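Dear colleague,

I am handing over a structure that will be new to you, and I would be grateful if you could look through it before we talk. My notes on it come after the structure itself.

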Amino acid sequence: MQNDAKKIWITIIAASLILAITMGVRQSLGLFVEPIDNSTSLDIVSISFALAIGQLVWGFIQPLFGAVADKRGSFGVLVLGAIVMSLGLVLVPFANTDFTLMLTLGILCSAGAAAGSFSILIGATAKNLPANKRSFASGFINAGGSFGQFIFAPITQVVINGLGWIWAMITLALSTLLTIPLAKTLTSQNKKEQIKIDNPEDELKLKNQIYIALKDKSYICLHLGFFTCGFHVAFLSTHLPGEVALCGHSASVSAFSLALIGFFNIFGSLYAGYLGTKYKMKYILTVMYASRALMIIAYMLAPKTELTFYIFAISLGFTWLATVPPTAGIVAKLFGTKYLGTLFGLTLLSHQTGGFLGAFLGGLNMNHTGDFTWMWYLDIVLAIFAALINLPIKEEK
């Protein structure tokens with residue numbers, strides 16, 4: 001029993017650290033928008049479009065990598081992802097056209113990050129856990145991604161300020177390779193004897209399971225709510241630095257705000273994972289999305305001081321990606337864990353479709369109006385929609 005507990009913790013911690021690196025790097029890329037805009041011939045619309053394509057690619061690739069990991073194991077997927085992500089980051093400074101920026105920052109970086117993201121890591125871990133432990137484990141792994149944002153955002157800004165954005169990009173590229181030894185640790189634990197868990201769906205083939213899931217109204221509602229989450233996260237991670245600059249504050253305020261979001265999402269993720277063991281997860285999601293609408297309204301009404309940005313970041317941090325544990329938990333409740341990497345990966349595709357629109361429309365809005373006012377209004381409407389659409393989900397206790 002003690003050995004089983006040790007194996008579980010090694011698996012969870014390894015997955016958490018991998019996500020800390022991949023998510024920490026991804027969530028820090030918004031800090032490069034202004035430096036690239038100022039030092040190259042590329043404008044904010046081109047950069048926003050590349051990052052928006054990245055949101056979409058990150059979503060499209062996850063269910064594909066999730067299916068491979070479900071069938072053949074996660075180690076090869078994780079290693080390939082680390083190499084591809086590192087290559088994409090290294091090549092960004094050489095991108096001097098819209099197409100090459102989209103190829104490097106939009107496709108290679110994001111495809112690599114997708115291989116080391118939620119669906120693969122939570123799917124690989126959940127197979128080794130009894131049902132009553134999965135929500136907490138998802139929260140713990142998700143907190144790792146938030147910790148990565150807390151660490152990487154300020155460090156990236158320091159390197160940008162001290163050595164320039166090119167060296168900062170190379171530093172991030174080298175950091176992604178650290179996931180390879182962690183992947184070895186994670187998968188070596190998964191090869192050990194797994195805990196016996198309930199898997200009545202074992203006989204289902206993957207394509208049949210996907211077909212069943214896509215006909216399930218609860219699963220569709222979950223997708224629609226998660227779409228909104230992606231819109232919020234991508235818009236803010238991409239354009240919060242631009243909003244800060246519009247209000248006359250320095251880039252350090254942006255970096256510290258992103259770090260605060262990551263830091264407080266550690267607690268939000270852990271608490272969401274804990275709440276998932278006590279309450280229906282759809283209600284947790286409803287409260288989170290409704291609270292985002294209130295936070296944005298409060299931000300819009302407040303004076304745009306540095307303190308306002310810090311309070312806004314702290315408030316957002318509690319729900320930022322804390323939606324992941326209950327979303328993954330509902331998918332596992334509905335369909336079991338055999339194909340969790342694939343089915344949760346499909347919900348992340350919806351999340352990233354929203355992310356594409358959040359990142360790209362933010363750039364278009366800024367280019368045409370000179371600010372982000374209409375994006376904030378749209379954020380509020382979508383948050384209210386997401387809060388309501390989760391209520392019809394049929395979720396067992």
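This is a predicted model: local features need pLDDT of at least 70, side-chain atom pairs count only at pLDDT 80 or more; totals for chains, interfaces and linings use all residues.

Residues are numbered from 1 along each chain as its sequence is written, and side-chain values use heavy atoms, with hydrogens and water left out.

Helices here are DSSP runs (H or I, at least four residues), numbered from the N terminus. The axes of helix H3 (residues 44-72) and helix H6 (residues 118-126) come within 8 Å and cross at roughly 30°, where axes are lines fitted to C-alpha atoms over the stretch in contact and angles run from 0 to 180 degrees between N-to-C directions. H3 and H6 are therefore roughly parallel to each other (angles under 35 degrees count as such). On the H3 side the contact (heavy atoms within 4.5 Å) is made by Trp58, Gln62, Phe65, Gly66 and Ala69, and on the H6 side by Phe118, Ser119 and Ile120. These residues divide into five nonpolar, three polar and no charged, with Ala, Val, Leu, Ile, Met, Phe, Trp, Tyr, Cys and Pro counted as nonpolar, Asp, Glu, Lys and Arg as charged, and the others, Gly among them, as polar.

Helix H11 (residues 217-246) and helix H16 (residues 340-369) have axes that come within 6 Å and cross at roughly 35°. Their contact has 16 nonpolar, 13 polar and no charged residues.

A search of the whole structure finds four cavities of 30 Å³ or more; a cavity is a set of points, on a 1 Å grid over the protein atoms alone, where a 1.4 Å probe fits but cannot get out, and its lining residues have an atom within 4 Å of a point. The largest cavity holds about 150 Å³ of space, a volume being the space filled by probe spheres set on the points. Its lining has 14 residues, and Arg26, Leu29, Leu51, Gln55 and Thr238 lie nearest its centre. The largest share of that lining, four residues, comes from H5.

The second largest pocket (an open set with protein on both sides within 12 Å along at least five of seven lines) has a volume of about 340 Å³. Of its 24 lining residues, Val33, Glu34, Pro241, Gly242 and Ala245 lie nearest its centre, and H11 gives the largest share, seven residues.

With best wishes

Terms used
Helices (H or I, at least four residues) and strands (E, at least two) are DSSP runs, numbered from the N terminus. Angles under 35 degrees count as roughly parallel, over 145 as roughly antiparallel, 65 to 115 as roughly perpendicular and the rest as oblique.
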